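Biologist: I should like to learn how to read a model of this kind, one feature at a time. May we begin with the surroundings of a single residue?

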Amino acid sequence: MSSIKDVLAPQNEEGTRATILKWCKAVGDSVVKDEPLVELETDKVTVEVPAPASGTLIEVLKLESAEVSPDEVLARLRLPGDSTQSTASTASTARARMENSPASANTRTDSELLSPSVRRLLHEHDIAPGAITGTGRNGRVTAQDVTHHVSRGASQRAPLPATAKLAEAGANRLVPHTAMRRRVAEHMVRSLGEAPHVTTLFEADLSRVQKHRALHAKSFESRGARLTLTAYFISACVRALRAHPEVNATFRQDAMELHGDVNVGVGTALGDKGLIVPVIHRAQDLNLFEIAQRLQRAVEAARTGKLAPQDVRGGTFTISNHGVGGSLLAAPIVINQPQVAILGVGKVERRVCVIDVDGSESIAVRSMCYLTLTIDHRALDAFQANAFLALVVKTLEQWPDTAEALQD
């Protein structure tokens, strides 16, 4: 006798939800173990869910654009054992049950089967279902179809209640949130709601770092790593996090969890698509070249959509280099929960400064930038924040001439 195998949504960091992006197989298709079965989109990465066993796909419980939680049943497979006729009959029955269930009956328009998320989008934009030509399976309207329709400004709006007034044509345009944008919004609100944010501000002279970079950038490039300023900030933070482990921590209700590894996340902008934070794991074991190499790979993977789930998990501290966009100062930068601090790096610019030369004051031009440390005040106090950031600044301002990072 054959058996049924559930296809489950994979575990995701901190239980975050995902959205069904695309089914790679249809009901009735044969599948081979580990063959891609369905694609999920989280706020961070796109994940392929492989078939847990070989068999036949007999039921799809979650349609495209539906939101799912970790360990939720997405589909069911019939394992080998039934005759072809029995398997085909089961698949046909499953397909009919999907299309004719009460929940589906309420959402059908002619030959279209609308998922809950598509119905929500249609309702938000006041679009009649029949106004859109679906590109999904069997002509079904997908969330992408609705988004494209709205962006083209070709919506055929359903009648609104008399109390509602439409803006003049072309005056406003609604762009549906992507799954990434929705998750980022939820994460930011959660962080501000849970953690009292406090920001401390220091100024750093990067003249020695800039000199070091000018001397060694070509050598790093020839070895396969682009030497960016962010690599220096990561290295300096590693040194400070080792000296102040309370900043490399997670706040628990009954205790502080001090992490043994320094896993530094780097905020990476994806244009209008949102923000993602790839993680440089075990950065305490890396020299400057290795940090630069890992960072380059992570940023390239983020911008080409090739990050794997493990690439964005396990961060213990985050750097937000907002200065690359020209920003001098940003505060507070929202903490990446469940971490307790985040470093903000402003734009590096040449400024006139008063410096000490052999005990005398002198005027000089230096490469300066503002550094901020935003902390969770439940976990850290100003003294700890200032001590940490002071060491970061000291490390940067006293950078040695050797090719690698400072090591304690």
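Modeller: Contact means heavy atoms within 4.5 Å. In this predicted model, Thr228 is in contact with Arg213 and Leu295, once its neighbours within four places in sequence are left aside. Thr228 itself is found in the loop between α6 (207-222) and α7; helices (H or I, at least four residues) and strands (E, at least two) are DSSP runs, numbered from the N terminus.

Biologist: Is Thr228 buried or exposed?

Modeller: Buried means under 20% relative accessible area, exposed over 50%, and partly exposed in between, with a 1.4 Å probe and protein chains only. Thr228 has a relative accessible area of 15%, so it counts as buried.

Biologist: What is the mean pLDDT of the protein chain?

Modeller: pLDDT is the predictor's confidence in each residue, from 0 to 100. Here the chain has a mean of 82, and 79% of its residues reach 70 or more. Over residues 84-91 the value is below 50, and this stretch has 9 contacts in the model beyond near neighbours in sequence. Residues 93-112 are also below 50, with 27 such contacts. Where pLDDT is low, the predicted coordinates should not be read in detail.

Biologist: Which residues of α5 are buried?

Modeller: They are Ala179, Met180, Arg183, Val184, His187 and Ser191. The arc of a helix is that of the directions from the helix axis to the C-beta atoms. For the buried residues of α5 these directions fall within an arc of 125 degrees, so they line one face of the helix. What covers them includes β2 (18-23), β4 (36-41) and β11 (197-205). The face turned away from the buried side carries the exposed residues Val189 and Gly193.

Biologist: How many aromatic pairs does the structure hold?

Modeller: Rings of Phe, Tyr and Trp (its six-membered ring) pair if their centres lie within 6.5 Å; planes under 30 degrees apart count as stacked, over 60 as edge-to-face and the rest as tilted. The structure holds 3 such pairs. In one of them, Tyr232 and Trp399 have ring centres 5.0 Å apart and planes at 70 degrees, so the pair is edge-to-face. It links distant parts of the chain, with Tyr232 in helix α7 (residues 229-243) and Trp399 in the segment after α9 (382-397), 167 residues apart. Tyr232 is buried at 1% relative accessibility, and Trp399 is buried at 0%. The rings of Phe317 and Phe388 have centres 5.6 Å apart and planes at 55 degrees, so this pair is tilted. Phe317 lies in strand β18 and Phe388 in helix α9, 71 residues apart.

Biologist: Over which rings does the charged end of Arg223 sit?

Modeller: A charge sits over a ring if NZ of Lys or CZ of Arg is within 6 Å of the ring centre and within 35 degrees of the ring normal. The charged end of Arg223 sits over the ring of Phe220, 5.6 Å from its centre, and over the ring of Phe289, 4.0 Å from its centre.

Note on methods
Residues numbered from 1 in each chain as written. Predicted model: local features only at pLDDT ≥ 70, side-chain atom pairs only at ≥ 80, totals over all residues. Heavy atoms only, no water.
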